[in-house]
Amino acid sequence: MRCEITALSSYNSSMFPLTRRWLAFGFLALASAPVRAVGGQSTCATELRTLERRDVPPLNASREMSASLLADVVQCSTNTLHKTWVLQPLTPRLRIFGSRGLPAAHDDGELWVGRGVSVALRAGFTVDGKFLHVAVAPELVSTENTAFDHEPARDTARSSFASPFYSLPSQSIDLPTQFGVGSEMRITPGASAIWLSGFGVAGGISTSLQAWGPGLRGSLLLGASAGGIPRAFLRSANPMRTRIGVFDAVLFLGTVTESRYFDRDTSNNYRSMSAFGLTWSPDSAGLLALGAARGVMHTSDRALPEISRSIDALRSTDTAADDLISMFAKLGRPSDALSAWVEVARNRKGFGSRSFLTLPYDATGYIIGARGSTGLRGQQLVVLAEAANLEQSEDVIGRAPKDFYAGTNVPQGWTQRGRPIGHWVGPGGQTQFISIDWVRGRSRVGLYAERVRRNEDALFREYLAYPNRHDVSLEPGIRAALAWRGQEFALDVSNGKRLNFEFQNATYLPSTRTVDVVMPRISFSVTPLSQR
């Protein structure tokens, strides 16, 4: 058993490279005064929300699935005025996972759901004043992390647990197949934050999870598949209503950390990451919402501000940085009978209309989904479908394909502690998910099925990449939940099968073996309804 306390990483200064278009758009919004916060300018009460696995219908009608396109676990409720200090304890949140066969990593935040039993427990308290807000919500995570057979890294300069498929300089990424061997327990800062708010703006430091974009099973630029990024942030305290619509914006500068199972170079263990997100809706009803976001990352060997690189980043001239751009849209609210959403992201510099129109699939990933519901005598039938695709095309002559999230200038790629910062399916992956849930009063029961294809781009770099070697899994399952005494008790059981694990198939390759792995899984969670 190994125990450690993960402290906040040192912050590096690397201002997000705002382009002229971003600045013009922001100034246009500010110039459209009068500006006021939707719901009033009262100070707020700190509350925590759940961003991991947002695809399940909530059981408390007042807490429908968050419609925010720039969602944060730690947020403020509106129309609450504190004239004195208010201390509120947080009801603990518990998650337990059991997985056989292979690890079951999805949108699980701080927790690595390894093979065996994995547990996450979050608790703490909040403090609110007129302008100052504090959330102390550390999370204890533990995983049995039972060993399983997998191919070791092919690069001897890296850990044997590092991925064998992403060792090329042009396709490098910190994506361990397994996070060591044996049980591990650690305490993380979790959803802790401290900030000041006033005049419609909030700013401070935080380690909480974020999910930018409308997807309910993942996000392309910034999602809940990895732990929160320690960061300094500035955001609108509440959506801002102007003459030309309602705006929400967030800007942060944080430090991203390499996993312990990547390489032996200690000079690049930390990276600076900056990101900016902006959403617009024609009115406060939120029937239509559009958004865009951009993130940039580069290696760093110091904790002090790097002023010259910050200036270069502001001018978008830092050629040693990797960036990712995302644009998304949502039509319909969570409470509507029908809603739909889409997110498109580009993994190369530039998102010009000309290049997108001529080569829309080049360096591009997407998420598309829809949700429908119908009510009958106090009951509700909810159908959800969502697909994501990060596979890259091979048919662009003169331009080598670049795996999504792989680093060009940053060898660790778009990861935080060995987990994708964006969608959990990872580089070269695709997934299709469909579910149907029956919600009746304070309970629900549902069925779902998901198909996942992993590391598809890496397959084409393998020797004799025959079609029968695709690494594909199909996972059907059943889930149920019950609301009781202010808690949501949820159970999820599935029994999937992964075909050709790590491209292992003996057909036409007699020197190898066919490896199909059965993956029975079960999860149980107790979540306060106030956090759903």
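**Reading charges, strands and cores**

Modeller: Asp 471 and Arg 498 are both buried, where buried means a relative accessible area under 20%, exposed means over 50%, and partly exposed is in between, for a 1.4 Å probe with protein chains only. This is a predicted model, in which local features need pLDDT of at least 70 and side-chain atom pairs count only at pLDDT 80 or more, whereas totals for chains, interfaces and linings use all residues. Residues are numbered from 1 along each chain as its sequence is written, and side-chain values use heavy atoms, with hydrogens and water left out.

Colleague: Which residue forms a salt bridge with Glu 475?

Modeller: The partner of Glu 475 is Arg 521, at 3.1 Å between the closest N and O atoms. Here the link runs from strand E27 to strand E29, so parts 46 residues apart in sequence are tied together. Glu 475 and Arg 521 are buried as well.

Colleague: How many salt bridges does the structure hold, and which residues are linked in a network of them?

Modeller: The structure holds 22 salt bridges, and the network links Asp 55, Arg 217, Asp 437, Glu 450 and Arg 479. Another salt bridge brings Arg 53 and Asp 108 together at 3.0 Å, N to O. That pair links distant parts of the chain, 55 residues apart, with Arg 53 in the loop between E3 and E4 and Asp 108 in the loop between strand E6 (86–99) and strand E7 (116–128). Asp 108 counts as buried because its relative accessible area is 1%, whereas Arg 53, at 26%, is partly exposed.

Colleague: Now to strand pairing: in what sense do E27 and strand E28 pair?

Modeller: Two strands pair if DSSP finds at least two bridges between them. E27 and strand E28 (residues 487–499) pair in the antiparallel sense over 11 bridges, with Leu 482 opposite Phe 489 in E28. The two strands form a hairpin with two residues between them, and Arg 485 in the turn has a positive phi of about 55°. E27 (residues 471–484) is also joined by 12 bridges to the antiparallel strand E26 (residues 443–454).

Colleague: And how is a core read; how many residues does the largest nonpolar core have?

Modeller: In soluble globular proteins, nonpolar side chains tend to be buried together. A nonpolar core is a set of buried Ala, Val, Leu, Ile, Met, Phe, Trp, Tyr and Cys residues joined through side-chain atoms within 4.5 Å. The largest nonpolar core has 54 residues, and those with the most contacts inside it include Trp 212, Tyr 405 and Trp 414. A second, separate core has seven residues, among them Leu 59, Val 439, Ala 483 and Ala 490. Ala 490 is also one of the residues touching Ser 525, contact meaning heavy atoms within 4.5 Å. Ser 525 lies in strand E29 (residues 517–528), and its relative accessible area of 16% is why Ser 525 counts as buried.

Colleague: What percentage of the residues of the protein count as buried?

Modeller: Of its 532 residues, 56% are buried, and the secondary structure comes to four helices and 29 strands.

Conventions. A salt bridge is a side-chain nitrogen of Lys or Arg within 4 Å of a carboxyl oxygen of Asp or Glu. Lists of a residue's contacts leave out its neighbours within four places in sequence.
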